[in-house]
Amino acid sequence: MAGTALNNDVTTIVVDRVAQLWAGLAVPSAGARLTLDADGTPDATANPNAIHLGHTIEGTTISIVSAITKHFVDELEAPFKASVDATDMMFEGRFAQVLDEDVLKQITAPFGTYATGSGYKEFSIGRKTLTYTSLALIFPTPMDSTKFAVAHIYNGLNEAGLTYSVSRKGMADTPFKFVAYGLSTRAAGDTVGKYWWQIA
């Protein structure tokens, strides 16, 4: 008999990495991925509307989960089958740049209309047509700092609103929760987003 190899690979543990959150990206065609420059930023030619969303308080949390329904029959004590009701993908965290209009355009997408004029920038608050954005979180891989990992939401919307405090001692920050909405025109297995990383 022979033993089975262990999978203790510390190069796949993500630690001490700075991730960058981007919006306004192009959605790649079927079978393709977000086009990156060698520095890990979205390629400007392929993504002319890309916007970097600036500083966060403690980075960004990636969440990809499925809602599972278990199916039972009376004769079995365990479920005999499962089906997926929904798949959710989201980015959550807290933005520090609460007076940055590019950040605010993404945060207030469900309710804010941006305008600027002589001496001011503003967001009118009220009902509006929803505008979605394509977002990606990009960070250097632990295997090779010249290669990058990408979590990409094809069609996202911030559901956390705009909430922050102003005080003498504290620093203002506002939560974000970009939730993915499926693109029905894509193949069933590729409607929400993509999670991938570069290799040599």
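**Note on salt bridges, pockets and buried polar side chains**

1. Asp-190 forms a salt bridge with Arg-186, the closest N and O atoms being 2.6 Å apart. A salt bridge here is a side-chain nitrogen of Lys or Arg within 4 Å of a carboxyl oxygen of Asp or Glu. Both partners, Asp-190 and Arg-186, are buried; buried stands for under 20% relative accessible area, exposed for over 50%, and partly exposed for what lies in between (1.4 Å probe, protein chains only).

2. On the basis of the values: this is a predicted model, in which local features need pLDDT of at least 70 and side-chain atom pairs count only at pLDDT 80 or more, while totals for chains, interfaces and linings use all residues. Residues are numbered from 1 along each chain as its sequence is written, and side-chain values use heavy atoms, with hydrogens and water left out.

3. By the stated rule, the count of salt bridges comes to 3. Another of these joins the side chains of Arg-94 and Asp-173, at 2.1 Å from N to O. Arg-94 belongs to strand β4 (residues 81-95) and Asp-173 to the loop between β8 (148-158) and β9 (174-180), so this pair ties together parts that are 79 residues apart in sequence. Helices (H or I, at least four residues) and strands (E, at least two) are DSSP runs, numbered from the N terminus. Arg-94 is partly exposed, at 36% relative accessibility, whereas Asp-173 is buried, at 16%.

4. A further salt bridge is formed by the side chains of Glu-101 and Lys-121 (2.6 Å, N to O). Because Glu-101 lies in helix α1 and Lys-121 in strand β6, the pair ties together parts that are 20 residues apart in sequence. Glu-101 is partly exposed, with a relative accessible area of 23%, and Lys-121 is exposed, at 53% relative accessibility.

5. On a 1 Å grid over the protein atoms alone, a cavity is a set of points where a 1.4 Å probe fits but cannot get out, and a pocket is an open set with protein on both sides within 12 Å along at least five of seven lines; lining residues have an atom within 4 Å of a point. The volume of the second largest pocket is about 170 Å³, a volume being the space filled by probe spheres set on the points, which are joined across faces, edges and corners.

6. Which elements each supply at least two residues of the lining of the second largest pocket? They are α1 (101-107) and β6 (120-125), and β6 gives the largest share, 4 residues. By class, this lining has 8 nonpolar, 1 polar and 4 charged residues. Ala, Val, Leu, Ile, Met, Phe, Trp, Tyr, Cys and Pro count as nonpolar, Asp, Glu, Lys and Arg as charged, and the others, Gly among them, as polar.

7. The largest pocket has a volume of about 260 Å³. Its lining consists of 16 residues, with Arg-17, Val-18, Ala-19, Gly-59 and Thr-60 nearest the centre. Two or more lining residues come from each of β1 (20-23), β3 (56-71) and β7 (133-140), and the largest share, 3 residues, is that of β3. The lining of the largest pocket divides into 7 nonpolar, 7 polar and 2 charged residues.

8. One backbone angle deserves a remark. Asp-16 has a positive phi of about 60 degrees although it is not a glycine. This residue is found in the segment before β1, and Asp-16 is exposed, with a relative accessible area of 73%.

9. Asn-158, in strand β8, is buried at 2% relative accessibility. A polar atom of its side chain lies 2.9 Å from the backbone oxygen of Ile-107, and the side chain of Asn-158 also reaches the backbone oxygen of Gly-161 at 3.4 Å. Neighbours within four places in sequence aside, the residues in contact with Asn-158 (heavy atoms within 4.5 Å) are Gln-106, Ile-107, Pro-110, Phe-176, Lys-177 and Phe-178.

10. Thr-133 is found in strand β7 and is buried, with a relative accessible area of 9%. A polar atom of its side chain lies 2.8 Å from the backbone nitrogen of Gly-24. Beyond its neighbours within four places in sequence, Thr-133 is in contact with residues including Ala-23, Gly-24, Gln-106 and Tyr-154.

How values were computed. A polar contact is a pair of N or O atoms within 3.5 Å; within protein, one must be able to donate a hydrogen and the other to accept it, and residues adjacent in sequence count only if both atoms are side-chain atoms.
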